[in-house]
Amino acid sequence: MSFRRIEDAPANKTALVRVDFNVPMADGVVSDDTRLRAALPTIQALTAKGCKVALLAHFDRPKGKRVPEMSLKPVAAPLAALLGAPVVFADDCVGADAKVAIDALPAGGVILLENTRYHAGEEKNDPELAKQIAALGDFYVNDAFSAAHRAHASTEGLAHVLPAYAGKQMERELDALEAALGTPKRPVLGIVGGAKVSTKLDLLQNLINKLDKLAIGGGMANTFLYAQGVEIGGSLAEKDMADTARAIMEAAKGKCEILLPVDVVVAKEVKPHTEARMTGLDDIGADEKILDAGEKTVRKLREAMKHSHTLIWNGPLGVFEAPPFDQATVIAAQEAAELAKAGKLIAVAGGGDTVAALHHAGVADDMTFVSTAGGAFLEWMEGKPLPGVEALKR
């Protein structure tokens, strides 16, 4: 995937940088600065080139109106603290006042512009709004992969008005995704978990054409087991998707080996530390629910990892929020992390539940790459073009 990077951008100019500052807030204060930290390498790379940096971001859903509690102003101070440099705040992302504030910045200065979604044209990808924003700078940098699946004025439209480059976070994301599914080192193993087949149909259909092996876990696995005639008791499953599950398995034949649980952990209720037991697929009680993969299944999955060069993971293997049904996910995650640390596996993971599960297992920092971009990561795995990324291609 060939796209323009910050190294290719001019020096001593004004960069309009799209970031993801849609951060959690509590009582008007940023409660988690992960997304602010993620933007620092891009801001620092541009200020080192003597560029003025004007940051564009959305916050929440003001739907084209000025909603005071959805202002980005509370983000400026914590960002300045992380940067160790002043961050000016502008009350709008277009217009004369914003232009005056940017012009007043010293070389290497940073300004945060107000919520792009205060303008109705943002989510409509209005070319006129894109032109008004573009008038504030010399070139555009997109560092918000998490918003790249949306064709909005500040995520896609600007790239057609100004020279466009990928920011450092975007670059890391695209390089990791290319390594996982674009031109991966084979064999490639996928792990897909989560509750429903229906929400990941496009994903499964794309992956069986890209992977060598695909392990299916979580509630999705129950649907596949049910489709094969396994008595799954009171387990969560989409029984009306049985034909679809069988069609996916048929389509995978000769291309991608599908790994389903061979043993499971069951209980009568879904709550932490409830009484549970491990069992084969032939002994699930009518009043029992499958809540995790069993030891033999995890062993097979670990073996598959050891014989793979690339792993792409989306979704936990069980109800990891309620121990002991976190064990399969934790053990598999630890195996992936060990192999990644040893340089034996390129391990790329993403999606909200997956990120939470990897943190729960204590291995998020040991994977090759963990994407925090939920919707964009999923759409990319589904093989869909992302407007914000397409606009950056050379």
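Reader: Which residues does Thr42 touch, not counting residues up to four places away in sequence?
Author: Thr42 touches Ile6, Val17, Val141, Asp143, Gly167, Lys168 and Gln169, with that sequence limit applied, where contact means heavy atoms within 4.5 Å. This is a predicted model, in which local features need pLDDT of at least 70 and side-chain atom pairs count only at pLDDT 80 or more, while totals for chains, interfaces and linings use all residues. Residues are numbered from 1 along each chain as its sequence is written, and side-chain values use heavy atoms, with hydrogens and water left out.

Reader: Where is Thr42 placed, and is Thr42 buried or exposed?
Author: Thr42 sits in helix 1, residues 34-47, and helices here are DSSP runs of H or I with at least four residues, numbered from the N terminus, as strands are from E runs of at least two. Its relative accessibility is 1%, so Thr42 counts as buried, a word that means under 20% relative accessible area with a 1.4 Å probe and protein chains only.

Reader: What lies 2.7 Å from a polar atom of the Thr42 side chain?
Author: That is the backbone nitrogen of Lys168.

Reader: Changing topic, how many residues has the largest nonpolar core?
Author: The largest nonpolar core has 73 residues, and those with the most contacts inside it include Phe145 and Trp380; such a core is a set of buried Ala, Val, Leu, Ile, Met, Phe, Trp, Tyr and Cys residues joined through side-chain atoms within 4.5 Å. Helix 5 (residues 168-182) gives this core its largest share, six residues. A second, separate core of 33 residues includes Val17 and Val141.

Reader: And which residues in helix 5 meet helix 12?
Author: Glu173, Leu177, Glu178, Ala180 and Leu181 in helix 5 meet Phe377, Trp380 and Met381 in helix 12. The residues of this contact divide into six nonpolar, no polar and two charged, with Ala, Val, Leu, Ile, Met, Phe, Trp, Tyr, Cys and Pro counted as nonpolar, Asp, Glu, Lys and Arg as charged, and the others, Gly among them, as polar.

Notes
Buried < 20%, exposed > 50% of the residue type's maximum accessible area, 1.4 Å probe, protein only. Polar contact = N/O pair within 3.5 Å; in protein donor to acceptor, adjacent residues only side chain to side chain.
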